[in-house]
Amino acid sequence: MLLTWFQRGDDGMVVKTLTGNKAVAHAVKAARVKVVAAYPITPQTTIVETLADMIEHGEMNAKMIRVESEHSALAATLGAAAAGARSFTATSSHGLLLMHEVVWWTAGARIPVVMSVVTRAIGPPWNIHVDHNDIWDQRDSGWIISIAENNQEVFDLTLQAFRISEDPRVYLPMIVGLDGFILSHTVAPVDIPDQEKIDQWLPPRRQPYVITPESGVVMGNLAADEDYYMMRYSIQTAMVEAKKVISEVDDEYGEVFGRKYGGLVECFHCDGSKYNIVIAGSWSGDAKEAVLKLRDEGYSVGVLRVRYFRPWPDEEIRRLLSTSKGVLFIDRSISFGGKGHLLTEAMTNLAESTNLPAVRGVIAGLGGVDVGADEFYELTKSFIDEVEENGPFYDPLYWHIPQVYRGKYPERLPGYGKFSYERR
Amino acid sequence: MSNVNVEEPKSLFIAPVSKPAPGSVGKTGTWRHEKPVINEEKCVKCLLCWLYCPEDTILRREDDMVYVDYDYCKGCGICAKVCPVNAIDMVPEG
Amino acid sequence: MYVEIVFHGRGGQGGVTAANILAGAAVREGKWSQSFPHFGAERRGAPVRAYARISDKPILRHSQIKTADIAVVLDHELFDLVDIPGSVKDNGVIVVNAPRDFSVDLKEGQSLFCVNAMEIARELKLFVAGWPVVNTSMLGALVKASPVVSLDSILAEIKSYWPGKPGELNAEAAKRAYENTVRCI
């Protein structure tokens, strides 16, 4: 059982009850960040509010740069980082979209930076609740993209992000995602390790170059097309290295602080299970509860929780597809005219699989629509029962329509219907 | 900043960074149709030409008298335009 | 042990703070907890909700609480605006801040505990921005009605939440509410 994500009573452990946003701020402080530049946006605001408070009261030796927009927030963060300071920013939804140009610029510059993305729906219409379309929208930019399940992992991932991003094999910026309100505004126990232990574990900042008046370095000049091409090649090379680094950091963190999550993915009873759910973010816990109940009833089922969307866990997904009879993807986002993001990514690994499992992609919870353990139970049970009864199928885009509209709209749209493998 | 820890990347790393260096596209002096010629007797050492030259090819001696780096001067004529005492003539090349 | 609690209050009455203090008190006892506001825009005076979960095991779920085991009602007039009996289970417990002889229709099997927290606030001169403070009292009333955590843990958490005199005063309010809470239905 993976129920004990931390053991109580360890030496030097301080358990605080914190919101997800405060957990971020405590991790940023513990990482001895030197520059914070950010612009407020719900539900991110209390991260930088807390950091501003810590800086104001001298608990944190850092500079807070107040800026006029998110575009400037990341630009200032990148500037400070390029000059050699460990730097941090945080945003959500529309702020992240406004920042998007600099998101690419930061990754292209190969400067380590850490950013929290408090996931939130994108308007119109206005909606401040959880949704993964904002974070996955950064997919192609060259950032390492992670997402947490609970407040403890929010703290741990944020701290680890500095180590991963600043590793000389990686030198890429990193996003740590946490679900808006569901984590950002929920209070839960968080173990904050001893600062001395953190200082020993997290090395001083490393980076590939610095831009200062003395260094004479300039970044972003016009380059030959061939050089541009090879810079892209080298970002992908760093992503390959990042897979190793993420796994190493997870292991080392586990040894030092007692919490190990599994690297790119967390496997919750997924090894050897006939059926598996693939999911990311805070509602994974509800999916796990559903799985525990189904296992009690004799079902062979597990959860593979995607912790890192970039680099994508190719190896882990390939293995899951190869060993599962059926895989249920739960997406809290949709690429319009395409499909859910987790399913789309995972299907790129299908050709490497030694097996063709039944697949269903579910779109649920957009704009914060609540999906609890009971609904995960029903979704998973009906998927398994259908496969057992009718044989395997491909059902990529099933809309888990909110209760109030259920039955009034079709769950499958023309061209995205259920395809039985017997028809092949 | 002395406390910045620059450490060599440990994977294939090609970053979009550069340091300024003379002549990265060859000797641009050959692009010139007219060359600036400084009349030292008229020059008042105001250094406006030195400030305005977009290619950093007006050079400055210790006594603030200026001279031209003809290897890289493209002959744009800005120095002649900004000279307040008309001490720079643009002379057609051979 | 696994308990879900909903706090019904008015925006500004401190329902969210009460939920947070309860979560902190549970952690003091080595339990696991969560607390969260009802996600959305909140206005001073409007009916609002906050939630808490307490368990002796790590809590995996993060979904909303639809029907809780216990409801804590910071203002009895909310019964006219919100379906409070519908927010708790059929055998659930409701704890309300109400004047004496308060009565209300509940579902079969539900029980009601009453305390006059307004009176306690007035006795202690416990006011913030003109409003009597009732959220800390109601935590005392809650643990009398259902000992989800001990009164001592509540008092300790209140005192660490507001160091100094405000903490002492709020802890006293919680203690008095604990002593004066009675089952009324």
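Predicted model: local features only at pLDDT ≥ 70, side-chain atom pairs only at ≥ 80, totals over all residues.
The secondary structure of chain A is made up of 13 helices and 18 strands. With a radius of gyration of 21 Å, close to the 22 Å that the globule rule gives for 424 residues, chain A is as compact as a globular protein of that length. Along the principal axes, the C-alpha atoms of chain A occupy a box of roughly 70 × 55 × 40 Å, and 54% of the 424 residues in this chain count as buried. Among the contacts in chain A that have a separation of 6 or more, 79% are made by residues 24 or more positions apart.

Between the two chains, 18 residues of chain B are in contact with 29 residues of chain A. On the side of chain B that touches chain A, the elements contributing two or more residues are strand E1 (5-6) and strand E2 (17-18) of chain B. The composition of that side of chain B, taken by class, is 11 nonpolar, three polar and four charged residues.

Note on methods
Residues numbered from 1 in each chain as written. Chains lettered and ligands numbered in written order. Contact = placed C-beta atoms within 7 Å. Helix = DSSP H or I, 4+ residues; strand = E, 2+ residues; numbered from the N terminus. Nonpolar A, V, L, I, M, F, W, Y, C, P; charged D, E, K, R; others polar. Rg over C-alpha atoms; globule rule 2.2 N^0.38 Å. Buried ≥ 20, exposed ≤ 12 C-beta atoms within 10 Å, placed from the backbone.
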